[in-house]
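Okay, thanks for coming, everyone.

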Amino acid sequence: RSARADLASFENPDYYNTLHRAQKEVGYRPTSIVNGLVNSLRNGVSFLGVAGLLAAFHWAALVAVVLLCIPEVWVRIRFAERLFRHQLDNVQDERKAWFYHRLLTTLDFAKELRLFRLSPLFMDRFVAIRRRLFRLRQSILLARFWSEGVTKTLALAAVYGAYVWVALRTMRGEVSVGDLVMYFQAFQQGQQYFQDCVRNLAKLYEDNLFLSGLYDILDLERRIADPKEPAPFPSPLDQGVALRSVSFTYPDSLDPALNDVSMKLKPGTLTALVGENGSGKSTLVKLLCRLYDPQFGSVSVDSVPLGQLDLDELRSKISVVFQDYSRYPATAAENIWFGDVDAPWDMERLHKAAALSGASSVLEKLPKGYDSMLTKWLAKGSELSVGEWQKVALARALFSRAPILVLDEPTSAMDSRAEFDLYECLRDLAPDRVI
């Protein structure tokens, strides 16, 4: 479900809070619900058998067994709601603690943590959050412990009172000694069966509460969705890509990222879009890929609005290198092949894409060449520099057969020679694509 969510969800902290709750509970709550249903049914059937015997002794015995369990059930439900409210109110701090955990335990931040001596600071913040959350949860659990102690004491007193009542009736000759033993056991087992049954029902209520995060994720609706009757993607491109009076503002933002933007990108041309940081260049890329829809205006390919095209087909026709390109913990060859996973494995195409991007000179020097793992997380893996990774990301985009190629600052980490070679390569590719 998360893999199909809109990009906007990943830029919303509420989504991460819900996802964290779902991930935390989904590992055992569904199994707990199944077990609770089975145990409730088993204990319910057992109680019905004993209930007939108790009713035969005296109707008050059956009523007593039922009433004795009500306080405990009320306590369990009440504190389940308090624990659930505690989770909702503090999920942001839970995530923040995990963020500090990641800061302190992964390679991404290891160099600066040591250089700027940040480890003690983040450790203190991590401990402070965990200690505060522990104390809040501890106070709830202690209150539940004492409340359950009171209800169990009252129930125990009532049980012994019932035993005295049965014993007195035996002494008066109203029941035999054999009946005394039988009713003692019936009362004890009836109480146990009914108690277990309502406990399981209370646990089911608790599990259902805490599993609401999973339901929220499963019910998450996509705004960027396929049309009911998608139009075919124009092939070959004739008019190219057009933006007409496009305006877009990110969710929870007041300032527009794009305001009344119009342009045409024709096939066989190489177009450079230049602007200051924050001027909306990366936002434009997201709209071209239909990761977002503009609030006003339209983006079209050969006069067909993107909203009328099948999403998978549209995105298979666009190859992109983002500023924050991904670094996959996979082999060098796979990192390039990921640009067109529908294509058969073709090392010749892989080498050509790597050569065009300048990545070939880097990858061929690795211990296992293109079969080298590009991560230090796994054994015998290799790590690349930022500029080298950028060449691999560019090779991934060039490996694609898409007619539209979008490069978002593709040379930001390259040296001047590599940058010159790249632009020469793009000029050679331009006659066949929109770039």
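Let's start at a strand pair: Ile 318 stands opposite Ile 404 in β6. Strands here, like helices, are DSSP runs numbered from the N terminus, at least two residues of E for a strand and at least four of H or I for a helix. Before I go on, this is a predicted model, so local features need pLDDT of at least 70, side-chain atom pairs count only at pLDDT 80 or more, and totals for chains, interfaces and linings use all residues. Residues are numbered from 1 along each chain as its sequence is written, and side-chain values use heavy atoms, with hydrogens and water left out.

Back to that pair. β5 and β6 run parallel, and 4 bridges join them; two strands count as paired if DSSP finds at least two bridges between them. Now look at which way the β6 side chains go. Ile 404 and Val 406 point one way, Leu 405 and Leu 407 point the other, and all of them are buried. Buried means under 20% relative accessible area, exposed means over 50%, and partly exposed is in between, using a 1.4 Å probe and protein chains only. As a reminder, side chains in a regular strand alternate between the two faces of the sheet.

Val 285 lies in α8, which covers residues 281-288. Val 285 and Val 406 are 121 residues apart in sequence, yet 7.2 Å apart in space, C-alpha to C-alpha. What does Val 285 touch, leaving aside its neighbours within four places in sequence? The contacts are Val 320, Phe 322, Val 406 and Asp 408, where contact means heavy atoms within 4.5 Å. Val 285 has a relative accessible area of 7%, so it is buried.

And how much of α8 is covered? Mostly: 7 of its 8 residues are buried. Those are Lys 281, Thr 283, Leu 284, Val 285, Lys 286, Leu 287 and Leu 288. Their cover includes β1, β2, β3, β5 (318-321) and β6 (404-407). The helix lies across β1, β2 and β3 (296-301), and runs at about 120° to β1. For angles, axes are lines fitted to C-alpha atoms, for helices over the stretch in contact, and the values run from 0 to 180 degrees between N-to-C directions. Just after α8, Arg 290 takes a positive phi of about 55°.

So what about the sheet under discussion there? An open sheet of 4 strands has the order β2-β1-β3-β4, with antiparallel pairing. Its edge strands are β2 (258-265) and β4 (304-305), each pairing on one side only. Between β1 (residues 241-248) and β2, which run antiparallel, there are 5 bridges. Phe 248 stands opposite Leu 258 in β2.

Next, a helix pair. Helix α11 (residues 347-357) and helix α13 (residues 386-399) pack at an angle of about 130°, and their axes are 8 Å apart. That makes α11 oblique to α13: under 35 degrees is roughly parallel, over 145 roughly antiparallel, 65 to 115 roughly perpendicular, and the rest oblique. On the α11 side we have Arg 349, Leu 350, Ala 353, Ala 354, Leu 356 and Ser 357, meeting Lys 391, Leu 394, Ala 395, Leu 398 and Phe 399 in α13.

Pick out Lys 391 in α13. Is it buried or exposed? Buried, with a relative accessible area of 14%. Beyond its neighbours within four places in sequence, Lys 391 is in contact with Ser 357, Gly 358, Ala 359, Met 414 and Ala 418.

Most residues other than glycine have a negative phi, and most peptide bonds are trans. Asp 260, which is not a glycine, has a positive phi of about 55°. Asp 260 is in strand β2, and at 51% relative accessibility it counts as exposed. Lys 380 also has a positive phi, near 60°. Lys 380 lies in the loop between α12 (360-363) and α13, and it is exposed, with a relative accessible area of 76%. Finally, the peptide bond from Ser 235 to Pro 236 is cis, with omega near -5°. Pro 236 is in the loop between α7 (212-218) and β1.

That's my tour, thanks.
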